[in-house]
Amino acid sequence: MAGKDAHVLSHPSPLLPLLLHWQSNKHLDMRTGNSLWLLTKKTLTGALIGITISDRYVTLSPLRGSSMHPTFTGSSTSFPGSLKGDVILVERFCLQKYKFSHGDVIIFRTPTNQKQIFVKRLIALPGDWIQVPESSEILQIPEGHCWVEGDNPASSLDSRSFGPIPLGLVQGRVTHVIWPPQRIGHVERKMPTGRISPY
């Protein structure tokens, strides 16, 4: 997921060979040149709009790993363009005022390596008291932080390992699975029972 803009920008435009050919061929009439210029402008404008939408509003991300199984099916490969796992739709409107709810699935930069982006379920919000799994410890979530866990605790690196995470690391909320076709649907908000303590 990281570097999606670099991926978009690193590929040469399919129009580049056409433009080079146009520069070297003096026999093209003005209408062909104008058409190429208009097509180039539309392509560049579309790419810029796509990048802006991805950065500010919504983005699509393929998943890897099994920490959110069975909610998501992650790919076991990191090969670019591989669509063997679920592809998710992530909305970013929630970031404007940190509008999150218990049970949301969010993506965030990990506190230990901010180049990595994880997908986990939001269990506790600022001020909540939470029973730490497999422990008798009850912890209050500090202001500006949240507690996240994978749906598959046996293979999840989450707040049980690195503690509450700053809300500033959250990159968006997962709302839908959009690929593969048989798994297209809304991502359910659900909360494990008995995790928030009434302190």
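User: What does the accessible surface of the protein chain come to, and how much of it belongs to carbon and sulfur atoms?

Analyst: About 12,200 Å², with 59% belonging to carbon and sulfur atoms. Accessible areas here come from the Shrake-Rupley method with a 1.4 Å probe, and for residues only the protein chains shown count as cover. Before we go on: this is a predicted model, where local features need pLDDT of at least 70 and side-chain atom pairs count only at pLDDT 80 or more, while totals for chains, interfaces and linings use all residues. Residues are numbered from 1 along each chain as its sequence is written, and side-chain values use heavy atoms, with hydrogens and water left out.

User: How many helices and strands are there in the protein chain?

Analyst: The chain has 4 helices and 11 strands. Those are DSSP runs numbered from the N terminus: helices (H or I) have at least four residues, strands (E) at least two.

User: What makes the Arg173 and Asp104 pair a salt bridge?

Analyst: The rule asks for a side-chain nitrogen of Lys or Arg within 4 Å of a carboxyl oxygen of Asp or Glu. Arg173 and Asp104 have N to O at 2.9 Å, so they pass. Arg173 lies in strand E9 (residues 170-179) and Asp104 in the loop between strand E2 (87-91) and strand E3 (105-109), so the pair ties together parts 69 residues apart in sequence. In the whole structure, the search finds 7 salt bridges, and a network of them links Glu91, Asp104, Arg173 and Arg189.

User: Are Arg173 and Asp104 buried or exposed, and how do you know?

Analyst: Buried means under 20% relative accessible area, exposed means over 50%, and partly exposed is in between (1.4 Å probe, protein chains only). Arg173 comes in at 15%, so it counts as buried, and Asp104 at 4% is buried too. Across the 199 residues of the chain, 35% count as buried.

User: What about Arg195 and Glu149, why is that pair a salt bridge?

Analyst: Their closest N and O atoms are 2.7 Å apart, so the pair meets the cut-off. Arg195 sits in the loop between strand E10 (185-186) and strand E11 (196-197), and Glu149 in strand E7 (residues 145-149), 46 residues apart. Arg195 has 11% relative accessible area, so it is buried; Glu149 is at 9%, so it is buried as well.

User: What makes a group of residues a nonpolar core?

Analyst: It's a set of buried Ala, Val, Leu, Ile, Met, Phe, Trp, Tyr and Cys residues joined through side-chain atoms within 4.5 Å. The largest one here has 13 residues, and those with the most contacts inside it are Phe100, Ile106, Phe108, Leu122, Cys146 and Val148. E3, strand E4 (117-124) and E7 each give two or more residues to this core. A second, separate core of 12 residues includes Val90, Val105, Ile117 and Val177.

User: How do you know that Phe108 and Phe118 are an edge-to-face pair?

Analyst: Rings of Phe, Tyr and Trp (its six-membered ring) pair if their centres lie within 6.5 Å; planes under 30 degrees apart count as stacked, over 60 as edge-to-face and the rest as tilted. The rings of Phe108 and Phe118 have centres 6.1 Å apart and planes at 80°, so edge-to-face it is. Phe108 is in strand E3 and Phe118 in strand E4, 10 residues apart.

User: Which other ring pairs with Phe108?

Analyst: Phe162 does, with 6.4 Å centre to centre and 70° between the planes, which is edge-to-face again. Phe162 is in helix H4 (residues 159-162), 54 residues from Phe108. Phe108, Phe118 and Phe162 form one aromatic cluster.

User: Why is Thr110 called buried, and what does it touch?

Analyst: Thr110 has 0% relative accessibility, so it counts as buried. It is found in the loop between E3 and E4. Contact means heavy atoms within 4.5 Å, and beyond neighbours within four places in sequence, Thr110 is in contact with Gln116, Phe118 and Leu169.
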